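Colleague: Before I rely on the labels in your annotation, I would like to see how each one was reached.
Modeller: Then let us look at the structure and go through them in turn.

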Amino acid sequence: MYEYINGLIKYIGNNKIVVEACGVGYLIYATSLFKDNEINTVYVYHYQTELENIFYGFKSREDKEFFIELIKIKGLGCKLAIQIFKNDTNITKRAIANKDINYFLQFPKIGLKVASLIVNNYKCPLDTNNELIETLLSLGYKKNDIYSVITKINIDSPLENQIKESLSLL
């Protein structure tokens, strides 16, 4: 299993990059969030079948974990899911939390059925933090600001820690 590849981005193409590490060029399907001729850590998901051996790359471990959760949704494979990462993942998570099916319809080959499955079956961290959201709203913060912060905090920590972490980011 591969966690990440650290190396020089040698090529950026249409939804793919080549990372040179230790003299080997790795072809990785990724979004255009990477910059050419820069040393980067690319977090990779290794997809392997009898016919394919593919790396999918991400800027952060959190994005990789989000991708893994998305591909668990029936009808949303790796090739469709990687398209969603062309946009900021916080925007995608907000779209899921708001049940915004139209957001997902903008991506090629994602139809109404798959978009509905994404917004209805993915358990977004924003859905599980109602108490945190209500607390921050009562302190006068706006919903959009709260949603952007919630995606950056550790949702597994106790509520008190989540509030402290959120306040430090707001």
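**Labels and their grounds**

Modeller: About 220 Å³ of space lies in the second largest pocket, a volume being the space filled by probe spheres set on grid points that are joined across faces, edges and corners. This is a predicted model, in which local features need pLDDT of at least 70 and side-chain atom pairs count only at pLDDT 80 or more, while totals for chains, interfaces and linings use all residues. Residues are numbered from 1 along each chain as its sequence is written, and side-chain values use heavy atoms, with hydrogens and water left out.

Colleague: Which residues line the second largest pocket, and how do they divide by class?
Modeller: Among them are Asn15, Tyr29, Lys79, Ile82 and Lys109, and the whole lining divides into six nonpolar, two polar and three charged residues. Helix α2 gives the most to this lining, with four residues.

Colleague: Why is Lys109 called exposed?
Modeller: Exposed means over 50% relative accessible area, buried under 20%, and partly exposed in between, with a 1.4 Å probe and protein chains only. Lys109 has a relative accessible area of 76%, and is therefore exposed; Lys109 lies in the loop between α4 and α5.

Colleague: What makes the contact of Glu3 with Arg61 a salt bridge?
Modeller: The term requires a side-chain nitrogen of Lys or Arg within 4 Å of a carboxyl oxygen of Asp or Glu, and the closest N and O atoms of Glu3 and Arg61 are 2.8 Å apart, so the pair qualifies. Glu3 lies in the segment before β1 and Arg61 in helix α1, so the pair ties together parts that are 58 residues apart in sequence.

Colleague: How do you know on which side of α5 the buried residues lie?
Modeller: The buried residues of α5 (residues 112-121) are Val114, Ala115, Ile118 and Val119. They cover an arc of only 130 degrees around the axis, which puts them on the same side of α5, the arc being that of the directions from the helix axis to the C-beta atoms. On the other side of α5, Leu112 and Lys113 are exposed.

Conventions:
Helix = DSSP H or I, 4+ residues; strand = E, 2+ residues; numbered from the N terminus. 1 Å grid on protein atoms, 1.4 Å probe; cavity = no way out; pocket = protein on both sides within 12 Å on 5 of 7 lines; lining within 4 Å. Nonpolar A, V, L, I, M, F, W, Y, C, P; charged D, E, K, R; others polar.
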